[in-house]
Amino acid sequence: MPEAALHVGSGKVRELYALDDDRLLLVASDRISTFDVVLPTEIPDKGRVLTGLAAFWFTRTRAICANHLLALRPDGRSTECRRLEMLPIECVVRGYLSGSGWKDYTATGSVCGHSLPAGLVESAELPEPIFTPATKAVTGHDENIDRDTAADLVGAALFEQVERVSIALYRFAADHARERGIIIADTKFEFGLDEERRLVLGDEALTPDSSRFWPADEYRPGGAQSSFDKQFARDYCESLGWDKLEPGPELPEAVVTGTRARYVEAFERLAEIDFDVYLADPEVVLR
Ligand code: Q0N
């Protein structure tokens, strides 16, 4: 916990503190959620894996879009960030048909105003990645919105820019990951504007918490896919017959160990850096 820093916000598994007028500290915990519920058992180093992976992507995507990362702290789970004026939309890109995208497609044949070919199956790869913005609904659940609604929220010019940049970021990361055996089915970006009103990528990007990661060698379109990172925890929770309401169940040691290994494996495959090397010197991901 940072000293002399005001807590300015929290997500389910991350905390945000003000360092000064211009800078925030984003701290990723080891908490894990399944079926939208945070479990009482932590996954050791999960926050470090996600922080390291986001910093890796921020470093490699700088030519596509500026980002808020200023510094990575020696604990490997905290990043100093530029304070931005955040846009009021969640910038989701989908390369595959899953989750609410699949649900909307089965109901209407389109997703956020993108009319898609008929006959697509669950988890099908889309002909092209699509930009499917959402808003944070009062319920805490994201709500898909159409292109006109999103353009009304941020302005037409900025909408065009976030759509183009989001798709470019997704293509870059999805291609990189696919070559290393991981399908990034979809991902969510959060952007803001700096003091010069330039577009800046914020939050945590291209991690398994902000994306759906699937093991490529198990990919079978026509149904739900297994999660690269959370499948052990999901399977265990399902085996209990838990009602998916608070509180979630404690995870046994074997599930914790297996889940930690999957997060570390995702980091090592994508960053091509030993996780122990990251722990010894987190700044390795910035080079
Ligand atoms: C901010 N959120 C959304 C972190 C993410 N660079 C920034 N400047 C100003 N505000 C924000 C950022 C960032 N990132 C982003 N809230 C404020 C969600 N939070 C939830 C808590 O963890």
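**Note on the predicted model: ligand shell and local backbone**

1. Asp203 is buried, with a relative accessible area of 14%. The cut-off for a buried residue is under 20%, so the value of 14% places Asp203 in that class. The structure discussed here is a predicted model, and the remarks below should be read accordingly.

2. Where does Asp203 lie? The residue belongs to the loop between β17 (199-201) and β18 (211-215). Its phi is positive, about 60°, although Asp203 is not a glycine. Most residues other than glycine have a negative phi. Asp203 is also one of the residues that come nearest to the ligand, together with Leu26, His68, Arg82 and Leu84.

3. The surroundings of the ligand deserve attention next. There are 13 residues around the ligand. Sorted by class, this shell holds 5 nonpolar, 3 polar and 5 charged residues.

4. The elements that give two or more residues to the shell are the strands β2 (14-18) and β3 (23-28).

5. Asp36 also calls for comment on its backbone. Its phi is near 70°, a positive value in a residue other than glycine. Asp36 is placed in the loop between β4 (33-34) and β5 (37-38). Is Asp36 buried, partly exposed or exposed? With a relative accessible area of 45%, Asp36 is partly exposed, because that class covers values between the 20% limit for buried and the 50% limit for exposed.

6. Most peptide bonds are trans. Pro247 is found in the loop between α5 (231-240) and α6 (253-271).

7. The last point concerns helix α1 (residues 46-60). This helix has 15 residues and reaches 21 Å from its first C-alpha to its last, close to the 21 Å expected at 1.5 Å a residue. How many residues of α1 are buried? The count is 13 of the 15, so α1 is largely enclosed by the rest of the structure.

Key. Residues numbered from 1 in each chain as written. Predicted model: local features only at pLDDT ≥ 70, side-chain atom pairs only at ≥ 80, totals over all residues. Heavy atoms only, no water. Near = heavy atom within 4 Å. Helix = DSSP H or I, 4+ residues; strand = E, 2+ residues; numbered from the N terminus. Nonpolar A, V, L, I, M, F, W, Y, C, P; charged D, E, K, R; others polar. Buried < 20%, exposed > 50% of the residue type's maximum accessible area, 1.4 Å probe, protein only. Expected span 1.5 Å × (residues − 1).
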